[in-house]
Amino acid sequence: MDGELLELNTDLTFLSSWFCPFAQRTWIALLEKGLPFDYKEVSLRNPATGLWFPLTEKPKWFTALNPLGKVPVLAYKDEKTQQPHAVYESLICNEFLEDYAPSPGCPPLLPPHAALRAKARIVMDHFNTHFVPLFYRILIRQDAAQQAEVAQQVEAECDWLEANVDQAGPFFMGTEFSLVDCALIPWFVRGYILQHFRKLEMPPRRCTKLQRWVKTALERPSVKGTFKAPEEGTSYEDKLLEHYVRYADGSANSTSAAAFK
Ligand SMILES: N[C@@H](CCC(=O)N[C@@H](CS)C(=O)NCC(=O)O)C(=O)O
């Protein structure tokens, strides 16, 4: 189907890769909303070499939906107009879902108060800008002194989160699960990866509220519902660890590896 376009339905098609934390954000939001959707796994790496396909070698049907060639993508055909639509960039996909499937039909994923919605966006933006690059950087950097420097920055970011997580919980913004939980938890699903490769405790023991939030969020059915290994009978945690070997030995050639080194 390389030369062809993807046949879209009026239900959402979710383009994902099982290991991708950005796609996991949107997967969790879809499960929270309870919407019907088709899951389509996109092959981003050459299975023979383990290297990521450059943009020019990605299938046309995929880059037609997202010119950046990245997952996640949400695509569908409008029921009334039959117009195709594609949405990409994980945080924008999640905001789209909030507009596409609003309450009361679907559970709201942003607080009702305008200032709290703004706070949610501040947290997600801060996390994306500060924490996410550090996660990759501490793996990619091969020099011990540089790793120690990045480890300190990760710790400082955890302190920022500790100061901003709702003091009573159980979720990041308080009593209700929200887009903030969707946006942040995939990197704490991967906490054991930093522990394994860089001996970094994630979150640090002193961040007690953050730890409590991580524990609760990891038990959420929508979060657990995304722990799917690529092949039946294999362990999600083991496969994920295997996936990050190429980051930890500095050989990953993904766009994230290039952007965050
Ligand atoms: N800023 C993007 C990042 C998405 C992203 O980097 N996804 C990775 C997979 S985890 C990807 O598709 N990479 C393609 C590539 O590196 O060629 C978002 O938030 O959606």
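How many nonpolar, polar and charged residues does the lining of the second largest pocket have? By class, there are 6 nonpolar, 5 polar and 6 charged residues, where Ala, Val, Leu, Ile, Met, Phe, Trp, Tyr, Cys and Pro count as nonpolar, Asp, Glu, Lys and Arg as charged, and the others, Gly among them, as polar. The model is a predicted one, so local features need pLDDT of at least 70 and side-chain atom pairs count only at pLDDT 80 or more, while totals for chains, interfaces and linings use all residues. Residues are numbered from 1 along each chain as its sequence is written, and side-chain values use heavy atoms, with hydrogens and water left out.

Staying with the second largest pocket, its volume comes to about 350 Å³. A pocket here is an open set of points, on a 1 Å grid over the protein atoms alone, where a 1.4 Å probe fits and protein lies on both sides within 12 Å along at least five of seven lines; lining residues have an atom within 4 Å of a point. Volume is the space filled by probe spheres set on the points, with grid points joined across faces, edges and corners. Of the 17 lining residues, W18, F19, R45, P230 and E231 sit closest to the centre of this pocket. Helix α10 (residues 236–243) supplies the largest share of the lining, 3 residues; helices (H or I, at least four residues) and strands (E, at least two) are DSSP runs, numbered from the N terminus. Domain 1 (12–100) and domain 2 (114–260) each give at least three residues to this lining, with bounds taken from an automatic or database domain assignment.

Next comes the largest pocket, with a volume of about 610 Å³. Its lining counts 33 residues, and F22, K70, V71, T255 and S256 lie nearest its centre. Two or more lining residues come from each of α1 (21–33), α3 (90–100), α4 (114–140) and α12 (255–260), and α12 gives the most, with 4 residues. By class, the lining splits into 20 nonpolar, 9 polar and 4 charged residues. Here too, at least three residues are drawn from each of domain 1 (12–100) and domain 2 (114–260).

A cis peptide bond, with omega about 5°, joins G169 and P170, and P170 belongs to the loop between α5 (144–164) and α6 (179–189). Another cis peptide bond links M202 and P203, with omega about -10°; P203 is in the loop between α7 (191–198) and α8 (208–218). Finally, Q82, a residue other than glycine, has a positive phi near 65°, and Q82 falls in the loop between β3 (73–77) and β4 (84–88).
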